[in-house]
Amino acid sequence: MALVDAQGMLKDKMSDKVMPVVKAEEAEEEELVDPQQALRDECSQKPDAQNLWGKYQECNDRVNSRSNTAETCEEELIDYIHVLDKCVNKDLFKRLK
């Protein structure tokens, strides 16, 4: 037995039982926070990370003040990121769901 729905489409009662229609609720979703970014923000405030960030900034200022130099601040940046990642990795997996 076939029915006609509001749009004039044929609708079969058996197909409704086999393939149910699911309507999404319109509740507000909780905004997700990246735990890694939150930990990076916390770890960047620690003294050892602040010290390395200062060294990187000094190097960056020195390089930017020169018009022709082969110096890069790669080593200082890698040292800073290494300390930051080491701090983050201690607690990151505890916070993941």
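These are legends for a set of close-up views of a predicted model.

**View 1. The whole chain, before zooming in.** Let's get our bearings first. The protein chain holds four helices and two strands. Walk along the sequence and the elements come in the order β-β-α-α-α-α. The chain has 97 residues, and 16% of them count as buried. As for who touches whom, take the contacts between residues at least 6 apart in sequence: 52% of these join residues at least 24 apart.

**View 2. Helix α2 against helix α4.** Two packed helices are described by the angle between their axes and the distance between the axes. Here, α2 covers residues 35-43 and α4 covers residues 74-95, and they pack at an angle of about 140 degrees with their axes 9 Å apart. Angles over 145 degrees count as roughly antiparallel, and α2 and α4 are therefore oblique to each other. Their crossing is right-handed. On the α2 side, the contact is made by Pro35, Gln36, Leu39, Arg40, Glu42 and Cys43. On the α4 side, look for Leu84, Asp85, Cys87, Val88, Asp91, Leu92 and Arg95.

View 3. Leaving out residues up to four places away in sequence, arginine 40 touches Leu84, Asp85 and Val88. The C-alpha atoms of arginine 40 and cysteine 87 are 8.0 Å apart, although 47 residues separate the two along the chain. Aspartate 41 also belongs to helix α2. With a relative accessible area of 43%, aspartate 41 is partly exposed. From the C-alpha atom of aspartate 41 to that of leucine 84 is 9.3 Å, and these two residues sit 43 places apart along the chain.

View 4. Is serine 44 buried or exposed? Serine 44 has its place in the loop between α2 and α3, and at 14% relative accessibility it counts as buried. Setting aside neighbours within four places in sequence, serine 44 is in contact with Ala49, Gln50, Tyr80 and Leu84. One of these, Leu84, also turns up in the contact of α2 with α4, while Ala49 and Tyr80 take part in the contact shown in the next view.

**View 5. Helix α3 against helix α4.** Now for the other helix pair. Helix α3 spans residues 47-65, and its axis and that of α4 come within 9 Å and cross at roughly 160 degrees. That makes α3 roughly antiparallel to α4. The crossing of α3 with α4 is left-handed. From α3, the contact brings in Asp48, Ala49, Leu52, Trp53, Lys55, Tyr56 and Cys59. From α4 come Glu76, Leu77, Asp79, Tyr80 and Val83. The residues in this contact of α3 with α4 split into eight nonpolar, no polar and four charged.

View 6. A pair of aromatic rings is described by the distance of the centres and the angle of the planes. How many aromatic pairs does a search of the whole structure find? The search turns up two. In the pair shown here, the ring centres of tryptophan 53 and tyrosine 56 are 5.3 Å apart and the planes are at 45 degrees, so the pair is tilted. Both residues lie in helix α3, and being three residues apart there, they are separated by about one helical turn. Tryptophan 53 is partly exposed at 34% relative accessibility, whereas tyrosine 56 is buried, with a relative accessible area of 16%.

**View 7. Trp53 and Tyr80, an aromatic pair between helices.** For tryptophan 53 and tyrosine 80, the ring centres are 5.0 Å apart and the planes are at 55 degrees, so this pair is tilted. Tryptophan 53 lies in helix α3 and tyrosine 80 in helix α4, so the pair ties together parts that are 27 residues apart in sequence. Tyrosine 80 is buried, its relative accessible area being 11%.

Conventions:
Residues numbered from 1 in each chain as written. Predicted model: local features only at pLDDT ≥ 70, side-chain atom pairs only at ≥ 80, totals over all residues. Heavy atoms only, no water. Axes fitted to C-alpha atoms, helices over the stretch in contact; angles between N-to-C directions. Parallel < 35°, antiparallel > 145°, perpendicular 65-115°, else oblique. Left-handed = near helix turned anticlockwise from the far one by under 90°. Contact = heavy atoms within 4.5 Å. Nonpolar A, V, L, I, M, F, W, Y, C, P; charged D, E, K, R; others polar. Phe/Tyr/Trp six-rings, centres within 6.5 Å; stacked < 30°, edge-to-face > 60°. Buried < 20%, exposed > 50% of the residue type's maximum accessible area, 1.4 Å probe, protein only.
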